[in-house]
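Hi,

Here is the structure I said I'd pass along.

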Amino acid sequence: MPPSTSTADAARSLFVDTGALFAVFNPNDERHDAARVVMQKIRTGEAPYRPLYISSFAVGELATLMLRKLGHDAAVEGIQRIRESPNLIILYPGPAAFANTCAEFSRYDDQQISFVDHMTGVLADERDATHVFAFDSDFRTLGLTVVPEDVGIL
């Protein structure tokens with residue numbers, strides 16, 4: 001039985017991955033509908049996640065992905081939507097988080113986990129966050145719970 005996600009539960013922090021937002025912004029992405037459902041459930045409180053975080057590294061990764069796959073205008077619009085969102089906090093990692101990410105990236109020498117995903121893991125750990133909105137199973141290796149798959153909110 002999946003964990004409860006009712007509004008009676010206490011809200012928990014949620015990190016947002018590049019791939020999840022790309023799916024939200026790209027109507028042709030195979031996970032677009034699932035990503036939109038997750039975001040709608042977060043907005044309505046049915047999925048009790050607050051605050052929502054994304055690293056500036058992930059925003060940069062998303063901008064590049066959108067530029068290459070959807071074009072410049074879509075990338076600019078996506079960045080603007082993120083920056084203007086009252087629900088999404090952009091984190092700008094400092095030297096300590098960067099050093100910790102470098103160490104974690106080096107330590108996982110048997111994995112193909114991206115540097116940006118490691119940055120998300122480090123920042124989540126700093127904030128005692130345990131959940132990430134992603135469609136990427138690498139986050140489980142980093143000790144995070146993947147939303148929506150691991151919590152059954154679809």
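**Salt bridges and a few other spots**

Glu46 and Lys41 pair up in a salt bridge, with their closest N and O atoms 3.7 Å apart. By salt bridge I mean a side-chain nitrogen of Lys or Arg within 4 Å of a carboxyl oxygen of Asp or Glu. In general, side chains of opposite charge can pair when their charged atoms come close.

Before going on, a word on the source: this is a predicted model, where local features need pLDDT of at least 70 and side-chain atom pairs count only at pLDDT 80 or more, while totals for chains, interfaces and linings use all residues. Residues are numbered from 1 along each chain as its sequence is written, and side-chain values use heavy atoms, with hydrogens and water left out.

Back to that pair. Lys41 counts as buried because its relative accessibility is 18%, whereas Glu46 is partly exposed at 41%. The cut-offs are under 20% relative accessible area for buried, over 50% for exposed, and partly exposed in between (1.4 Å probe, protein chains only).

How many salt bridges does the structure hold? There are six. Another one joins Arg107 to Glu104, with the closest N and O atoms 3.1 Å apart. These two sit three residues apart in helix H5 (residues 95-107), so about one helical turn separates them. Helices (H or I, at least four residues) and strands (E, at least two) are DSSP runs, numbered from the N terminus. Arg107 is exposed, at 52% relative accessible area, and Glu104 is partly exposed, at 24%.

Glu126 and Arg127 also meet through their side chains in a salt bridge (3.3 Å, N to O). Glu126 is partly exposed at 42%, and Arg127 is partly exposed too, at 31%. Then there's a network of salt bridges linking Arg140, Glu149 and Asp150.

Is Ser13 buried or exposed? Its relative accessibility is 16%, so Ser13 counts as buried. Setting aside neighbours within four places in sequence, Ser13 is in contact (heavy atoms within 4.5 Å) with Tyr49, Arg50, Pro51, Tyr53, Ala129 and His131.

Asp128 is found in the loop between helix H6 (115-126) and strand S4 (131-133). With 69% relative accessibility, Asp128 counts as exposed. Asp128 and Arg12 are 116 residues apart along the chain, and their C-alpha atoms are separated by 9.6 Å.

Cheers
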